[in-house]
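These are my notebook entries on the structure shown below. I set down what I looked up, entry by entry.

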Number of protein chains: 2
Amino acid sequence: MDRKQFRDLADPDVAREKIASLDLTPDPETVPLRQARGRVLADRLDADLDVPGFDRASVDGYALKAADTFGANEADPVELTRIGQIHAGAEPAVEVENGECVEISTGAVLPPGADAVVMVERTDAGDSGDTVLVRTSLAPGDRVMFAGADIAAGERALGPGTVVTAREVGLLSAIGVDEVPVRGVPTVGIVSTGDELVRPGQPLDSDAGQIYDVNSYTTATAVEEAGGEAKLYPHAGDDYGAMESALRTAAEECDLVLSSGSTSASAVDVIYRVVEETGELLLHGVAVKPGKPMLVGELAGSAYVGLPGYPVSALTIFRAFVAPAIRRAAGRPEPETATVEGRMAIRERYSEGRLRYMPAGMVTDGDGETLVYPVDKGSGATTSLVEADGIVSVPPDVEYLDEGEPVEVTLFSGDVRPPTLFGAGEDDPALSRLLDRVERPRYLAVGSRQGRRRLRNGLTDVAVVTGDEGPSGVELGGWSREWGLVVPAGNPGDVDGLSALVDDDVRFVNRTADSGLRSTLSDALDELAAERGVDRRELTDAIDGFELAVRAHESPARKVLGSDAGAGLGLRATAESLGIGFVPCGTERVSVVGDADRVDKPGVRRLEAAIDEGADVFDRLAGYRG
Amino acid sequence: MDRKQFRDLADPDVAREKIASLDLTPDPETVPLRQARGRVLADRLDADLDVPGFDRASVDGYALKAADTFGANEADPVELTRIGQIHAGAEPAVEVENGECVEISTGAVLPPGADAVVMVERTDAGDSGDTVLVRTSLAPGDRVMFAGADIAAGERALGPGTVVTAREVGLLSAIGVDEVPVRGVPTVGIVSTGDELVRPGQPLDSDAGQIYDVNSYTTATAVEEAGGEAKLYPHAGDDYGAMESALRTAAEECDLVLSSGSTSASAVDVIYRVVEETGELLLHGVAVKPGKPMLVGELAGSAYVGLPGYPVSALTIFRAFVAPAIRRAAGRPEPETATVEGRMAIRERYSEGRLRYMPAGMVTDGDGETLVYPVDKGSGATTSLVEADGIVSVPPDVEYLDEGEPVEVTLFSGDVRPPTLFGAGEDDPALSRLLDRVERPRYLAVGSRQGRRRLRNGLTDVAVVTGDEGPSGVELGGWSREWGLVVPAGNPGDVDGLSALVDDDVRFVNRTADSGLRSTLSDALDELAAERGVDRRELTDAIDGFELAVRAHESPARKVLGSDAGAGLGLRATAESLGIGFVPCGTERVSVVGDADRVDKPGVRRLEAAIDEGADVFDRLAGYRG
């Protein structure tokens, strides 16, 4: 079908215009002042009373007629008769005549007849008990805040479009407004489709290819961040009846409907059909990467946008195209775009002829300059969501970004800051805990080999590696960990070491070649081969599953736990934490190696200190020694 | 009493230390993922499953054994037997043998036996219906995302202290976390005291000196902005029993208790007593302006801070001393302090020997430079809250800030931006409406005289003035308004013009001398005096209340409405909107005059356009003409 080929990709600006043409502005509403924080005023608010509502004493002292103090000074005070007292919140019971005064508290009503207040500090008690000596001369209005001096009835207090913060709440309180007319919050319905998706918290059948639904909650959260109210509809799976009914209900109940998630052509068909039956498809496909398969249309009177299925694509497209429309509908100002200038840390090629929103990470080098690198784990990786700090927009005609080329990163939000520490290397449970003591660390568990490479390339601050291979950097500290074979609890197969893998019928699970633990295993097999006087290859060929490699430190143990294997390469700490058996093979050293130019970065120093002070971490992990 | 004199003011840093020494950190809690937005992770979260949980096809195509495609290319494809189909979310029912392939959807489980996927675009249907021609050769792993490739069980997903945004929600969704361990939200009890305070929405008795309680809702909102939960206790008035009970209940229920509002010495006594009976007073009085009367202590096991009573002081002290403690207790990072460099627009003297947090406004001059001016309306003005953009910290030993001196403004929050238009002058209902069409305007209704002065001093962008007095700027537009005497509905006193004020027994209310309307009245009285051949002074002396001047355009009408006067100076528009009588005296011109260097500022241009297009505004206001 033509429509699924996205042959005529729209220009991104056209897509923005189409979305802007949709009406998703809700009706204004009224909320109590106490709940108005963050809301946007729908109308101008004028004061309809004077603040203060009366002529008010600004100090503790005596209310009097200014004319009575004419010529008074320290040397020659004037004596007035004290005829009463007025507290804040009380109606004056007296009127001041010539020669008289009234004791008055800050905030109290100026009594009739008085036109000024003298501070108590400029007075003394008179000789008789009921007189006061005033040691200064006053002008009418001194120390009085007149009615309406703060804001008067009829004056403009706040304009439409004002975002209500504590300050506006203060002014609204002062003028007695307790119901605030605000812009409505656009409701955004989120319909997720796709048989393979399961909502977080539900049981997952991985064997049947199920994965957790990432886009529903992520999009809902992003909707809230943009000032909308998100409404999640029950997951429709690939039940087309349910999907259609969810879409129609959402359109009825919401200002905007978003769908995302299905990679199934038939699900997309249902969406097309419902959009075409009840509204209009305005656009399908945008010339942007990621995010090509975006749909824009009207659905039963509501606005509709179909987001791409991959999480990074969905969030990128949402931010670039949908969030501005939600903010506009909510009356919220576009946030000041937070951008950071940096230089490309590596060369990045690209040649698809489409605008590219490249997710990018940032790292500060030894000179405090920002280096920028692409974060593209591809194929729907969700970790990219948190490993990137923002987006670099690469125009369609740019074929590559050179190493060192200046680029501008549009941060995901104004409060994004680059990590204080950027590391890569071995996946290690002690390291996970030590990183908890560093503020905003970023760590990629890509194995020792990749960790070394990234450090060498000047990308990372530190590498976490095993083995003696001279690291090209400064050793910041390290620890040792016991490694061996993880086996089912009780070791029912009586696996007694590496020999058993070679000689017995044990299904083994290895780690990937990038892993330092795999190198350690290789070294041990070299020794075993030497002992036996055979070629190493002979041994590895005899190990059932030697090439079955999994990524992370717990992965082999999980395979053993799941009865997919009889033994796996792993750590004593992992076996203990998962409650399975362990056959020790040796101890290996894990080192943290820093880029010589960046050892003074606060995050690097912090990690160094954390290793140094990490006895509690190492003590709590079986087989670890700091 | 010594303690009320605040003789020994603490250094601000000591105050910060004292507050930091209080424990207001609540217990961590667990929230559903859908409600985790903005919360702070209490613990590290490691993945406890692989994502994806299976080896997954990254494209639509055919799953096969890579070895079968060895040497295949466009010219010489290899033909494989298609033995089935696998959709996303389904468990593979077949195993791939040599020479076979399985049609597979993006996201589906790689079937046993297969080790790669070929994109559908690189294949053709074979000659027979059940074969596929593969036009490329593949390596094992091509177009496959292996189990755990995104994140693997045991890997560190997110660290403690991470603020949950859409991105983190995405990663947590992917690893199936639907209950998130987060830092608790510190609860902050707010106890307001003071007989004169009334909560917004309640009726106000101004004659008895009542004012609306500004601090309770403002502080509550500021608490929420800092990441706390605010709990308001019933207003205790000056009922000391109620006050004591509110304090004790708040201490029991909250992590921190704030009190504010009372200017009454006896109320402060109650607070002292309760603090001393149930806890400890750590500090009273801080050497900072505003905010000297701050109390810090412990109250029945909770932290306690007494804020000053004036709203600007209370919010300033809250922000400087209390908000950081709340953020720390909530685990929230200190926001990147948003500061703006500018130059003092005017000279500002100061010599109290205390650190001063000077509320400051900002305005951009014609060269795009930021000018900074103090906002200090004193004596508890609440309008200062919204008329300032941030704070300039002035050290104790600085006696003045010179005009042009560079200063740094710490913005109230990162999203504060200077107004696009800064004006001052006449209070006018048409202007109020025109300003609605300008984004972020700031306007001080200080009257024509003050408006002219501020324009002349280079402070404002525009002045809004009446009269012909040659304005020192560029006229941007204007309108005319009908003025006269506002009288009770039906004009029961048969007031027929200015003569009646002079000749009859009518109590009059004037506007202040800064008001342009007052100048217009003066001119008219000059004419009347000339007509009658008398001195102008003779006329004004004969007007009962000529010196009774109120500030804003509605104020005299309100006095008439409240039966405090028989006639007031005002506009036909005001009389109509308040439903009272009007005796016309003439028409005056209101002009908007711009600073010649700033007429190109977007906000100035916008106001100019709004006047130009303002027919609907002028038509809707009685007596107005654009």
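**Entry 1: strand 26 of chain B.** I began with strand 26 (residues 390-394) of chain B, in what is a predicted model. I counted 4 of its 5 residues as buried, so strand 26 of chain B is largely enclosed by the rest of the structure. I then looked up its partners. Strand 24 (residues 355-364) of chain B runs antiparallel to strand 26 of chain B and is joined to it by 5 bridges. In this pairing I found Met358(B) opposite Val392(B). Strand 28 (residues 406-411) of chain B also pairs with strand 26 of chain B in the antiparallel sense, over 2 bridges. There I noted Gly390(B) opposite Leu411(B) of strand 28.

**Entry 2: helix 9 of chain B.** How many of the residues of helix 9 (residues 447-456) of chain B are buried? I found 8 of 10, and I recorded the helix as mostly covered. Among the buried residues are Arg449(B), Arg452(B) and Arg454(B), together with Gly447(B) and Leu455(B). I next asked what the buried residues of helix 9 of chain B pack against. The list, within chain B, is strand 29 (421-425), strand 31 (462-466), helix 11 (516-532) and strand 36 (581-594). After helix 9 of chain B comes Gly458(B), and I read its phi as positive, near 75°.

**Entry 3: helix 2 of chain B.** I turned to helix 2 (residues 166-174) of chain B, where 9 of the 9 residues are buried, so this helix is largely enclosed by the rest of the structure. The buried residues include Arg167(B) and Glu168(B), as well as Val169(B), Leu171(B) and Leu172(B). Which elements do the buried residues of helix 2 of chain B pack against? From chain A I listed strand 15 (211-212), helix 3 (215-225), helix 6 (311-330) and helix 7 (384-387). From chain B I listed strand 11 (156-158) and strand 12 (179-182). Gly176(B) follows helix 2 of chain B, and its phi is positive, near 75°.

**Entry 4: the contact between the chains.** I looked up the contact itself and found 100 residues from chain A and 100 residues from chain B. Helix 2 (residues 166-174) of chain A gives the most to the side of chain A that touches chain B, with 8 residues. By class, I recorded 42 nonpolar, 32 polar and 26 charged residues on that side of chain A. I also compared the two sides: 100% of the interface residues of chain A are interface residues in chain B as well, so the copies meet through the same surface.

**Entry 5: symmetry.** I laid chain A on chain B, with an RMSD of 0.1 Å, by a turn of 180° and a shift of 0.0 Å along the axis. The two copies are therefore related as by a two-fold rotation axis. Which residue of chain A comes closest to the rotation axis? It is Gly414(A), with its C-alpha at 4.2 Å.

**Entry 6: a sheet in chain B.** I traced an open sheet of 6 strands in chain B, in the order 16-13-17-21-20-18, with mixed pairing. Its edge strands are strand 16 (229-232) and strand 18 (280-284) of chain B, each of which pairs on one side only. On average, neighbouring strands of this sheet are turned by 20° against each other, direction ignored. Helix 3 (residues 215-225) of chain B packs on the sheet and touches strand 13 (187-192), strand 16 and strand 17 (256-260) of chain B. I read about 170° between the direction of helix 3 and that of strand 13 of chain B. Within the sheet, strand 20 (residues 295-299) and strand 21 (residues 302-306) of chain B run antiparallel and are joined by 5 bridges. Leu295(B) has Gly306(B) as its bridge partner in strand 21 of chain B.

**Entry 7: His87(B).** I located His87(B) in the loop between strand 5 (78-86) and strand 6 (100-104) of chain B. With 19 other C-beta atoms within 10 Å, His87(B) is partly exposed, because a buried residue requires 20 or more. Leaving aside residues up to four places away in sequence, His87(B) touches Asp195(A), Ser105(B) and Ala108(B).

**Entry 8: chain A as a whole.** I recorded 16 helices and 37 strands in chain A. The radius of gyration of chain A is 36 Å, whereas a compact globule of 626 residues would have one near 25 Å. The C-alpha trace of chain A spans about 120 × 65 × 50 Å along its principal axes. Of its 626 residues, 54% count as buried.

Conventions. Residues numbered from 1 in each chain as written. Chains lettered and ligands numbered in written order. Predicted model: local features only at pLDDT ≥ 70, side-chain atom pairs only at ≥ 80, totals over all residues. Rg over C-alpha atoms; globule rule 2.2 N^0.38 Å. Buried ≥ 20, exposed ≤ 12 C-beta atoms within 10 Å, placed from the backbone. Contact = placed C-beta atoms within 7 Å. Nonpolar A, V, L, I, M, F, W, Y, C, P; charged D, E, K, R; others polar. Pairing = 2+ DSSP bridges. Axes fitted to C-alpha atoms, helices over the stretch in contact; angles between N-to-C directions. Least-squares fit on C-alpha atoms with pLDDT ≥ 70 in both.
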